[in-house]
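The following note sets out points for a colleague who is examining this model. Please read each point alongside the sequence and the coordinates.

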Amino acid sequence: MTPTTTTTAGGVQVVRPTVASHVHDYWGRVRGGDLGSLPAVLGLILLCLIFGIARPTFFSAVNFANLFSQSAAVIFIAMGLVLVLLLGEIDLSAGFASGVCGAVMAILLTDHGWDWFTAIPLALATGLVIGFGLGFLVAKLGIPSFVVTLAGFLAFQGILLVLLSGGKNVSIRDTFVLAVANNNMSAALSWGLAVVAVTAYGVVQFMRIRGRAARGLVTEPIGIVLGRIVGLAVLLFAAVAVLTQERSINPLIISVKGVPIVAPMIAVALVVWTFVLGRTTYGRHIYAVGGNTEAARRAGIPVDRIRISVFVIGSFMAAIGGIVAASRANSVDPNSGGSNVLLYAVGAAVIGGTSLFGGKGRIMDAVIGGAVIAVIDNGMGLMGFSAGQKFIFTGLILLAAASVDALSRRRAAATGNR
Amino acid sequence: MAATPLLELRGIDKSFGPVQVLHDVGLSVYPGEVTALVGDNGAGKSTLVKCVSGIYTIDAGTVTFDGDQVAIHSPRDASALGIEVVYQDLALCDNLDIVQNMFLGREKVRGLVLDEPTMEQMAGDTLASLSVRTVKSLRQLVASLSGGQRQTVAIAKAVLWNSRVVILDEPTAALGVAQTAQVLELVRRLADNGLGVVLISHNMNDVFAVSDRIAALYLGRTAAQVKTSDVTHSQIVELITSGRSGNLGLPPEKPSDFAARMPPGADR
């Protein structure tokens, strides 16, 4: 398994990658300060072990399913924030933007008797409008995003109060909307989707390798690719196996089993945005603007339009988060999207490995970071810690993640990696 | 060498408000040759380059490209003609890899999706044509490259688009001895591949090492454009510092004449 050189594309000598060299390169990048999601994944495993040993119910199927519905809203909002953070900007208004969008939907459904298929699009459109407003102010007027979205944070909180006529609680009775965060898929559908997902992932991976090999380009070692596919299959099938067990306390009255509907929703959002960021010109330009705005401008990239668009996407994802949160709570109140929602969402993105300095991050970070936060919240709750203690611990974890980001940046600068 | 210039500037004037920065400047760039553009700070080198690359518009004068008179109003016009500029700060994104940087803003797509194999292949071909054999992988992040390698990527990015004139702004200013030699070798190779190369430099050793012709600017005027083999080191230094050297350069009365024209409101 010694790395040998090979010629690729036009005769440039490069090192032929093997499994060993691949692992070695990865370790080199980690040592060089490019940690990615590694600390978050290790932290997640560690936290799960601690909570699982301290409270065996942590590993029960009921609790596992709870983690999904508890974290879904935050993960959606965090996905939007990853895009905003990639430009080195911040959206502090995402929490209350999600609350406003959720309230728009709830009021249309309950007070005006609209159907879900008209109320949900209007709530999503509200998100788009909010994002365009924020992005326009940041990109065209040049106001720092911190200030614009801080103003939005306050203003949207006010809009929410006005919409709810000073603080009433609007409950949701629409069965479709309630199903989003509270219902599960049938066992057959759960297994079917898992098999489709793994197969599709495998096909895409092998197609890419074949396409590159056909042109004489360097390909990833087959062992690494197989490892990834098998890894995904094991994780997905294990999760589905746990979630398709009976979770009801009394199965004779009502049966609760299957994968929560929010799980495939998160998966679809993850695939869509990962595709956009990694495989389209638009995504490439987001990374370019985040990495070196001046270089992007000189390359003819419409920097202002990119900047506006990430705020639009950010608020759109916040709207989805708001709808999921409203569905889970069965209602909307003046505190929807308030308290810890925004901080958990920013925390999820940063803990997952997205840099606060722009240019570095993936959509997957939002999912991993969101899982870490949900596990802390859930596990500490099971162990009987108070809300105050949970906030303190989550704050410390966020601080640790931000320190890792800042320190790895310094290390990267020192090793010439950035 | 070739008799007709690929790019020829004649009588270029450029003012910023009352300050005239370029004054009847001429420059000829021949294919297959390196033309060094020298001059002291404020002599107008950068302004001239920005006029050619379309960032500034010229007030007067003609630009002839490949025998046809052309008007360059934007960087896009310049790229369309095949004129590329490698700026001193290189304009690379550290968080992207070599291929991604080379195609930045001009990505190849198949439908909606980026056509990575084609881009990687083209990038590889271009690097190979420049005899670059020092990268570990085309997918290496630019952040992990040395200064000389970054300069190489920036230059390769400029020649990727069948460009015909490449303008390099101080390519060796931030490099060590070995890397400077590498980059100069690359500059020479660009010219040997038939491109017209303009090298802006303060370093006389670099200029004499690779250039075929030297154009010296002095206070916004062309002091002289000469063949490198016809002049000495000290003559060029004199051209840069005083605008003339023996029978070369501006006539003696011209600089003071120029100074007299400087007050606000002066125009042509």
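How far does helix α2 (residues 38-54) of chain A reach from its first C-alpha to its last? The points below begin with that helix.

1. Basis of the note. This is a predicted model, in which local features need pLDDT of at least 70 and side-chain atom pairs count only at pLDDT 80 or more, while totals for chains, interfaces and linings use all residues. Residues are numbered from 1 along each chain as its sequence is written, chains are lettered from A and ligands numbered from 1 in the order in which they are written.

2. Helix α2(A). Its 17 residues reach 24 Å, close to the 24 Å expected at 1.5 Å a residue (the expected span is 1.5 Å times one less than the number of residues; helices, H or I of at least four residues, and strands, E of at least two, are DSSP runs numbered from the N terminus). P39(A), A40(A), G43(A), L44(A) and F51(A) are buried in α2(A) (buried: 20 or more other C-beta atoms within 10 Å of the residue's own; exposed: 12 or fewer; partly exposed: in between; C-beta atoms are placed from the backbone). Seen down the axis of α2(A), the buried residues fall within an arc of 130 degrees, so they line one face of the helix (the arc is that of the directions from the helix axis to the C-beta atoms). The face turned away from the buried side of α2(A) carries L42(A), I45(A), L46(A), L49(A) and I53(A), which are exposed.

3. Helix α15(A). The 20 residues of helix α15 (residues 363-382) of chain A should span 28 Å at 1.5 Å a residue, and the end C-alpha atoms are 29 Å apart, which agrees. Of these 20 residues, 17 are buried. After α15(A) comes G384(A), with a positive phi near 85 degrees.

4. The largest nonpolar core. This core has 188 residues, of which I77(A), A78(A), M105(A) and A345(A) touch the most other members (a nonpolar core is a set of buried Ala, Val, Leu, Ile, Met, Phe, Trp, Tyr and Cys residues joined through C-beta atoms within 7 Å). Helix α3 (residues 61-86) of chain A gives the most to this core, 16 residues. Beyond its neighbours within four places in sequence, I77(A) is in contact with A94(A), S98(A), M317(A), A318(A), G321(A), V341(A) and A345(A) (contact: C-beta atoms, placed from the backbone, within 7 Å).

5. Chain A against chain B. In this interface, 32 residues of chain A are in contact with 29 residues of chain B. On the chain A side, β2 (12-15), α8 (187-214), α11 (281-291) and α12 (293-298) each supply at least two residues. The largest share, six residues, comes from α11(A). By class, the chain A side has ten nonpolar, 14 polar and eight charged residues (Ala, Val, Leu, Ile, Met, Phe, Trp, Tyr, Cys and Pro count as nonpolar, Asp, Glu, Lys and Arg as charged, and the others, Gly among them, as polar).

6. Domains of chain B. The assignment gives domain 1 (1-82 + 163-268) and domain 2 (94-162) (the bounds come from an automatic or database domain assignment). The C-alpha centres of domain 1 and domain 2 of chain B lie 28 Å apart. Contacts join 15 residues of domain 1 of chain B to 13 residues of domain 2 of chain B. Helix α6 (residues 177-192) of chain B gives the most to the domain 1 side, with six residues.

7. V303(A). This residue lies in helix α13 (residues 303-329) of chain A. V303(A) is partly exposed, with 18 other C-beta atoms within 10 Å.

Conventions
Two residues are in contact if their C-beta atoms, placed from the backbone, lie within 7 Å.
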